[in-house]
Amino acid sequence: MGIRPEDHQQEQHRVNQVIQEIERQMNLLLQNTSQLKGDIVSIRKNFWEDIRINLENESEVIETVASMLQQSQVLSERERTHQQGSRQLSSLSRLHQSPWFGRVNFMETGEQHEEAIYIGIASLYDAEGDEILVYDWRTPIASLFYDYPPGPVQFDTPTGTIYGDMSLKRQYIIRHNTIQAMFDTGLTIGDQILQEVLGQQANSEMKSIVATIQREQNRLIRAKDSRILLVQGPAGSGKTSTALQRIAYLLYRDRNTLTSENILLFSPNPLFNSYVSTVLPELGERNMQQTTFQEYLESGIESIFTLEDAFTQLEYLLTATKDVAYETRLTGISFKASLSFMKAIDHYVTSLETQGMVFKDLIFKDRILISHEEIHHYYQNCDPALSIPERIQKVTIWILAQMKKRTQKDRKLPWVSEEIQLLDDETLNRAYQKLQQKNAFTEDSFDDFAREEELLANWVIQKHLQPLRNDVKKRSFIDVPALYQQLFSDPSFLHRFMEDLPANWPGICEQTTSQLATNQLAYEDTTPYLYLKEKLEGFRENRSLRHVFIDEAQDYSLFQFAFIRHLFPRAKMTVLGDPYQQIHPHSGSYDDNLLSTPFTTLFSQEEIKEIPLGKSYRSTRPIVEFTRQIIKNPTIQPFDRQGERPHLVQWRNKDEHIQQLITRLHEIQQRGHRTIAILCKTAQESHDAYERLQDRIQLQLIHHESSSFDDGILILPCYLAKGVEFDAVIIYDVSASQYNHKSERKLLYTACTRAMHELHLFYGEELSPMIASIDPASYVHEC
Ligand SMILES: Nc1ncnc2c1ncn2[C@@H]1O[C@H](COP(=O)(O)OP(=O)(O)OP(=O)(O)O)[C@@H](O)[C@H]1O
């Protein structure tokens with residue numbers, strides 16, 4: 001049944017009233033905040049003038065300090081209120097753009113009156129603060145909107161479950177103070193609005209889905225905390241979007257104890273970081289911390305190493321299949337990603353308590369200040385009951401003390417007096433004042449001169465010693481590179497700690513050793529290396545993080561997950577992934593395509609809660625029906641949005657390929673699409689394609705360090721498009737020569753599922769078997 005015109009009128013009337021109220025509150029706040037701003041500027045300017053400074057005696061000093069404290073309290077109080085005001089203002093201005101998007105009529109069991117609950121992006125009270133004009137979408141009652149069709153309903157509150165009846169569920173699109181569309185909806189959040197939202201153009205920023213969250217997604221958003229929340233869903237099912245909504249929900253639910261600083265998102269690449277960075281601010285929240293696992297690794301590994309990143313590794317695996325060392329490396333990658341290698345490192349570290357620890361000499365001014373033998377001797381004589389990190393702590397304290405002691409004689413060395421000669425007046429003055437403070441001066445000026453010289457000499461030595469001291473505090477005296485190398489130096493070495501080694505273990509050892517010899521750390525070595533390092537030095541545990549979100553989790557190895565568990569011992573983890581999109585060649589932990597498999601080996605069943613997402617929203621129905629055949633998974637359910645079937649285009653020669661591409665790009669642009677991606681298999685292919693296209697059409701080449709993109713035509717390897725989407729996607733070359741091996745199936749699936757509205761695939765002589773096996777009725781074949 002359609003909405004009656006008088007209902008429409010009434011609703012519009014309410015919009016007008018609420019907008020008026022929002023404007024009234026905004027004006028009031030604007031006045032207050034500008035007044036406050038004036039106060040803050042003036043307090044800052046006159047801060048010292050308003051304080052009576054008197055340091056004559058103890059009581060005056062106390063009074064001065066008290067007056068300073070009082071003044072800074074006034075200042076920070078004003079600043080806080082100003083900040084609050086600004087936040088309120090920005091929340092009001094978001095409401096002003098669209099005051100609500102949903103409404104339910106709810107009557108609690110036992111009550112006589114039904115209440116209309118309007119749901120928007122933030123809460124809004126009336127002028128007296130009595131009536132709630134708009135409920136924040138995160139309030140308990142708002143979950144009715146996402147969870148139920150009209151009829152008997154219930155929702156959980158902190159004080160218990162509330163039961164009742166819902167007689168109406170309505171959705172709105174309100175823009176520029178006008179209701180543009182309004183629908184009464186059933187179980188799911190109305191198809192019409194979702195159709196409209198999903199039919200829009202993509203751009204370089206992800207959108208919030210707050211007005212159209214689906215029931216299964218709401219379960220994830222409001223799920224009770226558990227150690228591991230596992231979310232498996234097909235491409236485009238809203239894993240990332242829902243996770244961001246959950247972050248906003250947690251920030252609201254736990255607003256007295258949780259801030260965005262306590263939340264970390266591991267994202268797949270820097271491009272993705274910027275892609276999702278607008279969602280939380282759009283919802284009125286500050287962004288969580290964001291990093292890639294690569295960045296995390298880099299922050300922990302010594303700068304002597306040149307680190308390979310995950311994408312360079314992937315590029316090698318995709319392009320160097322004919323390399324003689326290829327198979328050995330592939331085996332090494334799987335092995336180094338395994339839990340058995342991690343356990344072997346554990347045993348190795350235990351063995352280092354009694355023997356085999358390697359330290360470095362500490363060199364100062366070209367001489368050995370403390371030799372590795374001395375450090376070793378001290379380490380060996382520490383209480384054997386202590387753990388290695390505890391012993392290392394003791395060794396550190398000992399070394400720092402020794403450094404001070406052993407450099408005292410340096411005072412007399414020529415380099416010190418030369419340095420003193422070069423000191424500027426300011427430094428000399430400071431030294432003089434220091435002596436004065438210490439009451440070090442005597443009546444004897446000769447003595448005083450000697451003291452000053454001594455002080456300056458100490459000062460110079462300490463200054464030069466400081467970098468070494470910092471290194472020692474960072475445990476640089478442990479020779480972790482040598483210790484890691486030891487694992488591979490002799491193929492029989494690791495046998496002491498584990499039985500089953502891969503077939504070509506000597507080859508893996510040789511490969512690893514020669515890389516380490518040139519200070520290169522392959523991607524497969526970075527996590528084990530850092531794990532060994534932190535086992536010895538102590539983990540850089542982060543206890544302030546309370547929620548860790550891991551997106552594209554299927555691309556983490558078991559070793560990496562186990563490592564992350566060590567790093568965040570207190571945090572709850574939300575893990576989002578789709579094994580069908582696994583593109584990194586770690587161990588075959590997803591042979592069964594179940595995200596939960598590796599987790600059940602790392603966590604107990606009670607710690608894991610699984611929330612599946614079933615439907616795919618990103619792509620049109622024909623695109624989903626095509627792409628799900630690539631991975632032979634007919635269970636993926638598309639959201640019913642119509643569109644053209646994918647187009648398969650064959651070329652006869654390379655020139656024709658480029659010409660066809662250009663024509664197709666123009667056609668897509670003419671249809672009004674803003675973001676068009678040409679996805680290649682590798683960076684090498686992207687680069688070649690870019691070279692051939694750049695003079696003919698305007699396009700951007702994206703590489704693994706690109707941190708953002710603009711609307712337009714982009715060209716990139718498909719592994720960099722993970723998590724991102726485009727209006728139209730062109731697969732540059734789906735010939736059999738490109739996608740043939742079974743390991744490339746998921747890569748191709750990932751690439752094709754980036755398309756929202758249009759998908760075009762080009763090929764040469766022979767079509768990839770992964771596409772050739774698709775039902776021809778699912779696509780349009782242009783020969
Ligand atoms: N409830 C929803 N309402 C509106 N849009 C939605 C909804 N759920 C998902 N979408 C849209 O579907 C698209 C895919 O969402 P998202 O990127 O979060 O999926 P994903 O599961 O993380 O995908 P992938 O695994 O392929 O990276 C986005 O455009 C998102 O806005």
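Domain bounds here come from an automatic or database domain assignment. I number residues from 1 along each chain as its sequence is written. I am working with a predicted model, where local features need pLDDT of at least 70, side-chain atom pairs count only at pLDDT 80 or more, and totals for chains, interfaces and linings use all residues.

**Confidence.** I checked pLDDT, the predictor's confidence in each residue, from 0 to 100. The protein averages 89, and 95% of its residues reach 70 or more. The model has ipTM 0.99 and pTM 0.87.

**Domains.** I listed domain 1 (5-186), domain 2 (213-304 + 543-613), domain 3 (362-474) and domain 4 (621-781).

**Ligand.** Where does the ligand lie? I find it between domain 2 and domain 4, because both give residues to the shell around it. That shell has 24 residues, and Thr212, Ala235, Gly238, Lys239 and Ser241 come nearest. I count a residue as near if its C-beta atom, placed from the backbone, lies within 6 Å. Helices α4 (191-198) and α6 (239-253) each supply at least two shell residues. Helices are DSSP runs (H or I, at least four residues), numbered from the N terminus. By class, I get 7 nonpolar, 12 polar and 5 charged residues in the shell. Ala, Val, Leu, Ile, Met, Phe, Trp, Tyr, Cys and Pro count as nonpolar, Asp, Glu, Lys and Arg as charged, and the others, Gly among them, as polar.

**Domain 2 against domain 4.** Their C-alpha centres lie 28 Å apart. I see 19 residues of domain 2 in contact with 21 of domain 4 (C-beta atoms, placed from the backbone, within 7 Å). On the domain 2 side, helix α7 (residues 270-276) gives the largest share, 6 residues. That side holds 10 nonpolar, 7 polar and 2 charged residues.

Key: Contact = placed C-beta atoms within 7 Å.
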